Amino acid sequence: MKGLSVLIPVFNYDVRPLVRALVAQVQQWPGPVEIRCLDDGSGAEVRQLHQELALLPGVVYQELGRNVGRAAIRNLLAATARYSWLLLLDNDSRLPDDQFLARYAAGCHLAPVLSGGTAYEAAPPPETALQLRWLYGRHREARSAAVRQRAPHGQLTLNNLLIEREIFCQLGLDERLTRYGHEDTKFGWLLRHRNVAVYHLDNPVLHDGLEPAPVFLQKTHDAVRNLVQLYQAEGLGADTKLLQAALRLKRWGLSEAVRTAFSLRREQVHRNLLSDRPSLRQLDALKLYWLLNELR
């Protein structure tokens with residue numbers, strides 16, 4: 001059995017519980033396993049917490065002198081990985097149970113790329129600021145493997161992705177996308193273009209690191225900008241619902257009217273998204289407004 005390199009970029013988040021849970025499961029993979037954690041310019045307090053990781057068996061913990069970004073750090077981790085299979089995880093993930101690696105070991109013969117998915121707690125968080133991120137995750141990101149498999153390359157996310165090292169290193173992530181969002185959109189397109197099979201499993205990690213609504217909205221705005229960058233530079237993303245809607249409005253000559261109408265209620269939408277009862281429809285409208293602004 002080929003070895004497994006678990007790759008975790010770290011940024012201002014305590015990754016110790018995740019690493020310890022992985023160490024407890026390494027015997028489930030029928031081959032050698034390493035867990036590589038690379039800090040991307042976290043604060044001193046977080047870096048101090050993580051010094052103990054290097055003492056754990058099979059764990060490699062290193063730090064970068066400066067922040068290089070989401071795509072570059074994953075490329076660096078892959079370049080230094082020792083083994084033939086890579087498991088990409090975000091640092092704010094939590095394993096669902098004690099059989100997480102066992103399910104990947106049992107399924108890795110199915111395809112060279114396997115996506116396990118993401119899950120969220122069933123109950124909403126008590127903090128008002130976290131309601132929007134939880135709601136979006138539960139209703140837009142937490143999908144079963146059967147649903148994701150309907151569009152396997154389009155439903156791919158870089159978090160919780162098992163992939164053959166050779167394929168990842170051949171394609172790599174686009175380091176020009178320095179803002180948050182849509183690195184996985186381009187990577188999925190590259191896999192589809194190369195006819196690389198993607199298989200979706202029901203093996204989700206729990207997303208623990210819910211961002212406050214203002215932070216999530218900023219990341220969402222950045223993702224919209226990245227989507228436009230990919231579309232204008234490479235023609236990618238035209239199959240996304242958001243871009244399809246914006247392009248229809250432009251063809252019909254309605255984009256300016258929609259922008260003007262939305263601008264009149266922008267503050268009302270913003271208040272709703274920061275409230276304890278945010279609306280995903282309002283979020284969709286805001287994203288469309290941002291996208292129309294970018295396409296002007």
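**Exercise 1. Helix 9 against helix 10**

Task: In this predicted model, find which residues of helix 9 meet which residues of helix 10, and classify the contact.

Solution. 
Step 1. On the helix 9 side, take Val-224, Leu-227 and Tyr-231. Their partners in helix 10 are Leu-242, Leu-243 and Leu-247.
Step 2. Sort these residues by type. Six are nonpolar, none is polar and none is charged.
Step 3. Helix 9 spans residues 213-234 and helix 10 spans residues 241-251. They pack at an angle of about 70 degrees, with their axes 11 Å apart. Angles of 65 to 115 degrees count as roughly perpendicular, so helix 9 is roughly perpendicular to helix 10.
Step 4. Assign the hand. The crossing of helix 9 and helix 10 is right-handed.

**Exercise 2. Helix 5 and its buried residues**

Task: List the buried residues of helix 5, say what they pack against, and describe the crossing of helix 5 with helix 9.

Solution. 
Step 1. Helix 5 covers residues 131-141. Its buried residues are Gln-131, Leu-132, Arg-133, Trp-134, Leu-135, Tyr-136 and Gly-137.
Step 2. These buried residues pack against strand 10 (205-207), helix 9, helix 12 and helix 13 (280-294).
Step 3. The axes of helix 5 and helix 9 come within 7 Å and cross at roughly 55 degrees. That makes helix 5 oblique to helix 9.
Step 4. Name the contact. Leu-132, Arg-133 and Tyr-136 in helix 5 meet Ala-213, Phe-216 and Leu-217 in helix 9. The contact divides into five nonpolar residues, no polar ones and one charged.

**Exercise 3. Helix 12, helix 13 and Leu-273**

Solution. 
Step 1. Helix 12 contributes Arg-266, Val-269, Asn-272 and Leu-273 to the contact. Helix 13 contributes Gln-282, Leu-283, Leu-286 and Tyr-289. By type, that is five nonpolar, two polar and one charged.
Step 2. Focus on Leu-273, in helix 12 (residues 266-273). Leu-273 has a relative accessible area of 1%, so it is buried.
Step 3. Leu-273 and Arg-251 are 22 residues apart in sequence and 30 Å apart in space, C-alpha to C-alpha.

**Exercise 4. Lys-186**

Task: Is Lys-186 buried or exposed, and which residues does Lys-186 touch?

Solution. 
Step 1. Lys-186 lies in helix 8 (residues 183-193).
Step 2. Its relative accessibility is 11%. Buried means under 20%, so Lys-186 counts as buried.
Step 3. Not counting residues up to four places away in sequence, Lys-186 touches Asp-174, Arg-176, Leu-230, Glu-234 and Leu-236.

Definitions and conventions: Residues are numbered from 1 along each chain as its sequence is written. This is a predicted model: local features need pLDDT of at least 70, side-chain atom pairs count only at pLDDT 80 or more; totals for chains, interfaces and linings use all residues. Side-chain values use heavy atoms; hydrogens and water are left out. Axes are lines fitted to C-alpha atoms, for helices over the stretch in contact, and angles run from 0 to 180 degrees between N-to-C directions. Helices (H or I, at least four residues) and strands (E, at least two) are DSSP runs, numbered from the N terminus. Angles under 35 degrees count as roughly parallel, over 145 as roughly antiparallel, 65 to 115 as roughly perpendicular and the rest as oblique. A crossing is left-handed if the near helix is turned anticlockwise from the far one by less than a right angle, and right-handed if clockwise. Contact means heavy atoms within 4.5 Å. Ala, Val, Leu, Ile, Met, Phe, Trp, Tyr, Cys and Pro count as nonpolar, Asp, Glu, Lys and Arg as charged, and the others, Gly among them, as polar. Buried means under 20% relative accessible area, exposed over 50%, partly exposed in between (1.4 Å probe, protein chains only).
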